[in-house]
Amino acid sequence: MSKPLNIGMIGYGFMGRAHSNGYRKVSHFFDLEYRPVLKAVCARSADKVKPFADQWGYESIETDWRKLLERKDIDAVDICTPNNTHAEISLAAAAAGKMILCEKPLAMNAPEALKMTEAVEKAKVPNMVWYNYRRVPAVTLAKQLIDEGKLGKIFHYRANFLQDWTISADLPQGGAGLWRLDVAAAGSGVSGDLLAHCIDTALWLNGGIRDLNAMTETFIKERKHNLTGKVEKVGIDDACTFMCRFGNGSLGLFESTRYARGHKALYTFEINGEHASIKWDLHDLHRLQYFDHRDPGILRGWRSIHVSDGDHPYMGKWWVPGLQIGYEHSFVHQIADFLEGYAKGKPAQPDFRDAYRTQLVLDAILESARDRQWVTIPG
Ligand SMILES: NC(=O)c1ccc[n+]([C@@H]2O[C@H](COP(=O)([O-])OP(=O)(O)OC[C@H]3O[C@@H](n4cnc5c(N)ncnc54)[C@H](O)[C@@H]3O)[C@@H](O)[C@H]2O)c1
């Protein structure tokens, strides 16, 4: 019989739903020593959070996250709120001795992320950041192939994350649903929101970034602010492109925007090595494209691997070979890895320190774009 691990989740928006779904499913598919129990969900309005709690099966609600942290029956706190709240909640949760699962980006900037990292390390509380794309089986397979040396020396890393939902100048900034456009709530624009994912995956697959040169643009300079009712300056980056050098000598090229008409969430990466290349695309997330130069010449070509076989990462836990899974399963996998890591005393990654390294790159991007200079990443 598995042991309960009581979850207290803060925020019930997009990620609140994705995580709740993960907690509900994980014990049905993975054999784990601990099973998450949906103990409490917290948001500021009881009227709004109560129906959410009922729909997802949370036992109770809170309207002040501080109250949630005081509760003895909460083991782990899951932070699914806008970016400007992550630090305060994490620092208090670490002081209260709670395990912390925090959404990305970890913080508003690297100094804030470092403070949070030092706090969880000092408190010795298990911690994890929701860079969930690592747990898409095709992406995990990419990591496996790279670690096995299939690609050989890596020369190039290319990643994009493209959207098109903020093109209208009439779209306001700030408040529910639009906090991403408000720099005071988000910290940055597409760099912290979208490129953060690409950077986390890149650091995981290809190692640290040595230095970078970035360019950002804010296409719509002023928008009405939902909280003040006034037209205010837009402080976020609408688009961001950067080139970089990795510690392993390879070159990186990254682009992110919310102004690529026709693209909703096109996260892609391609890695070119001495022997082989791999490509992945979020719109076709169960496939990994693989080209191996060592194949006999007449057979050489891109293979489209349908990552759905029992010996592919995580897939043995799901249906039968050939049947694919989707976006939401990356969260199930991340929870499974967190619970397994906790049971074995071998924490799952990415943890706060990993996410701090991503935050260093994010800060360097904004610094480089502002100063029009190459910036070296510390450490
Ligand atoms: N891992 C991913 O792929 C991914 C995807 C989307 C969002 N995110 C991250 O998740 C976080 C939340 O994003 P979202 O899209 O779910 O946002 P959202 O706007 O859908 O939901 C935010 C939730 O936070 C609540 N909230 C805000 N301030 C609060 C406070 N002080 N106390 C309690 N509740 C509060 C809101 O009521 C709402 O329920 C952000 O950090 C975002 O960057 C990650």
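This is a predicted model: local features need pLDDT of at least 70, side-chain atom pairs count only at pLDDT 80 or more; totals for chains, interfaces and linings use all residues.

## Sheet and the helix across it

Helix α9 (residues 329-344) lies across β1 (3-10), β2 (34-42), β5 and β6, and runs at about 115° to β2.

The open sheet consists of six strands with parallel pairing, in the order β3-β2-β1-β4-β5-β6. Its edge strands, β3 (60-62) and β6 (127-129), each pair on one side only. From one strand to the next the twist averages 25°. Strand β5 (residues 99-102) pairs with β6 in the parallel sense over three bridges, and Cys-102 stands opposite Val-129 in β6. In general, the strands of a sheet pair through backbone hydrogen bonds.

## Ligand shell

The ligand is surrounded by 22 residues, of which the closest are Gly-11, Gly-13, Phe-14, Met-15 and Glu-103. By class, the shell divides into ten nonpolar, eight polar and four charged residues. Helix α1 (residues 14-29) gives the most to this shell, with three residues.

## Helix α8

Helix α8 (residues 190-206) has a kink of about 45°, centred on Ala-196. Because 17 of the 17 residues of α8 are buried, the helix is largely enclosed by the rest of the structure. Just after α8, Gly-207 takes a positive phi of about 85°.

## Lys-67

Lys-67 lies in helix α3 (residues 65-70). Lys-67 has 12 other C-beta atoms within 10 Å and is therefore exposed, the cut-off for this class being 12 or fewer. Lys-67 and Cys-42 are 25 residues apart in sequence, and their C-alpha atoms are 9.2 Å apart in space.

Conventions
Residues are numbered from 1 along each chain as its sequence is written. A residue is near a molecule or strand if its C-beta atom, placed from the backbone, lies within 6 Å of it. Helices (H or I, at least four residues) and strands (E, at least two) are DSSP runs, numbered from the N terminus. Ala, Val, Leu, Ile, Met, Phe, Trp, Tyr, Cys and Pro count as nonpolar, Asp, Glu, Lys and Arg as charged, and the others, Gly among them, as polar. The bend at a residue is the angle between axes fitted to the seven residues ending there and the seven starting there. A residue is buried if 20 or more other C-beta atoms lie within 10 Å of its own, exposed if 12 or fewer, and partly exposed in between; C-beta atoms are placed from the backbone. Two strands pair if DSSP finds at least two bridges between them. Axes are lines fitted to C-alpha atoms, for helices over the stretch in contact, and angles run from 0 to 180 degrees between N-to-C directions. Two residues are in contact if their C-beta atoms, placed from the backbone, lie within 7 Å.
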